[in-house]
Amino acid sequence: MSTVSVSPVSVSVGAPQRKKMTTLAFRQKKERGEIISMLTAYDYPTALAEDQAGVDSILVGDSLGMVVLGYANTLPVTMDEMLHHSRAVSRGAQYALLIGDMPFMSYQVSVEEAVRNAGRFLQQGGMDAVKLEGGRERADAVRAIVGAGIPVMGHLGLTPQSVNQLGGFRPQGKTASAAKRLLEDALILEETGAFSLVLESVPARLAEFISQKLSIPTIGIGAGAGCDGQVLVTHDLLGLFDRFTPKFVKKYADFHGEMKRAFADYLDDVQTRQFPGAEHSVEMKEEEWEAFVKSVHR
Ligand code: KIV
């Protein structure tokens, strides 16, 4: 006999079941011309909300360093910090494809270290895949990580871990030669086995051209509408990061302002003794109170 719960949490019979997103499904979305959605998360509640909203993929980005840990850039972020936040995200998300961002110096020193650290994201961080920055210079590392059975997402264009080499957080691929090099790097990453590629802060028409040349999906950030998917740093989208907002960000909320308002209201309530009210307090029975008073006044 089949039983259908009538409680408020019952699931309607025949409702389509959401499946866990995989790297294969990523590629199939591109083939079907369906857009891929991706957001960053660094903690359990954000991952839970993004997953419940239906986001295809969650990136535990090393942007963690700037938007959560308060560093000036992403360079100080360590493997231990990334794994700590990856675990929290993995506890919140059930369906999204989870991608751990390999921090600066976790994959540049040797191919062996790259494979070992990539493996830690899956074994200790609960991630499904890793992302790393760079093109041809990372081909050996990408090949080896993929060879170990770990899906790799590439990252080209503005690669924040190279901020000192790039001379700041500035758009890339704006000259004919830089654009050609970027296309070559994208093709190399595809050839080495990357399952997808982030294109950050590059001209829209170049990103569209590269997306059409590749069979793996491109995920754009500041790269126009011609990519196969889009990603934003969640703290930018929510207006939670107050230091600066890149031109390519669309703000969907002002959480920083909202947090400040809530904190000021709380402060006011505490100072004027309006909080806590009776409804926030624990009561005890009158006879217990009287017995207590009697016992201490003996
Ligand atoms: O670290 C990050 O959040 C990223 C995204 C900007 C793609 O790499």
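Select Ser-201 to begin: at 9% relative accessibility, Ser-201 counts as buried. Buried means under 20% relative accessible area, exposed means over 50%, and partly exposed is in between, with a 1.4 Å probe and protein chains only. The model is predicted, so local features need pLDDT of at least 70 and side-chain atom pairs count only at pLDDT 80 or more, while totals for chains, interfaces and linings use all residues. Residues are numbered from 1 along each chain as its sequence is written, and side-chain values use heavy atoms, leaving out hydrogens and water.

Helices (H or I, at least four residues) and strands (E, at least two) are DSSP runs, numbered from the N terminus. Ser-201 is not a glycine, yet its phi is positive, about 50 degrees.

Next select Pro-203, in the loop between β6 and α9. At 26% relative accessibility, Pro-203 counts as partly exposed.

Select α9 and look along its axis. Which residues of α9 are buried? They are Leu-206, Ala-207, Ile-210 and Ser-211. These residues cover an arc of only 135 degrees around the axis, which puts them on the same side of α9. The arc is that of the directions from the helix axis to the C-beta atoms. On the other side of α9, Arg-205 and Gln-212 are exposed. An α-helix has 3.6 residues a turn, so residues three or four places apart point the same way.

**The ligand**

The residues around the ligand are Thr-40, Leu-59, Gly-61, Asp-62, Ser-63, Asp-101, Lys-131, His-155, Glu-200, Ile-221 and Val-233. By class, this shell has 3 nonpolar, 4 polar and 4 charged residues. Ala, Val, Leu, Ile, Met, Phe, Trp, Tyr, Cys and Pro count as nonpolar, Asp, Glu, Lys and Arg as charged, and the others, Gly among them, as polar.

Then look for polar contacts (pairs of N or O atoms within 3.5 Å; within protein, one must be able to donate a hydrogen and the other to accept it, and residues adjacent in sequence count only if both atoms are side-chain atoms). In the side chain of Ser-63, an N or O atom is 2.5 Å from an oxygen atom of the ligand. For the side chain of Asp-62, the distance from an N or O atom to a ligand oxygen is 3.0 Å. Asp-101 has a polar side-chain atom 3.1 Å from an oxygen atom of the ligand. How much of the ligand does the protein bury? Taken alone the ligand exposes 260 Å², and the protein buries 96% of that. Accessible areas come from the Shrake-Rupley method with a 1.4 Å probe; for residues, only the protein chains shown count as cover.

**Other loops**

Go to Met-105, in the loop between β3 (97-101) and α5 (111-123). Met-105 is not a glycine, but has a positive phi of about 75 degrees. At 41% relative accessibility, Met-105 counts as partly exposed.

Asn-73 comes next, in the loop between α3 (64-67) and α4 (79-92). At 17% relative accessibility, Asn-73 counts as buried. A polar atom of the Asn-73 side chain lies 3.0 Å from the backbone nitrogen of Leu-75.

Finally, select Phe-275 and Pro-276, which are joined by a cis peptide bond with omega about 0 degrees. Pro-276 lies in the loop between α11 (255-271) and α12 (286-296).

**The whole chain**

Zoom out and colour by domain: the assignment gives domain 1 (23-253) and domain 2 (259-296). Domain bounds come from an automatic or database domain assignment. The C-alpha centres of domain 1 and domain 2 lie 47 Å apart.

Conventions
Near = heavy atom within 4 Å.
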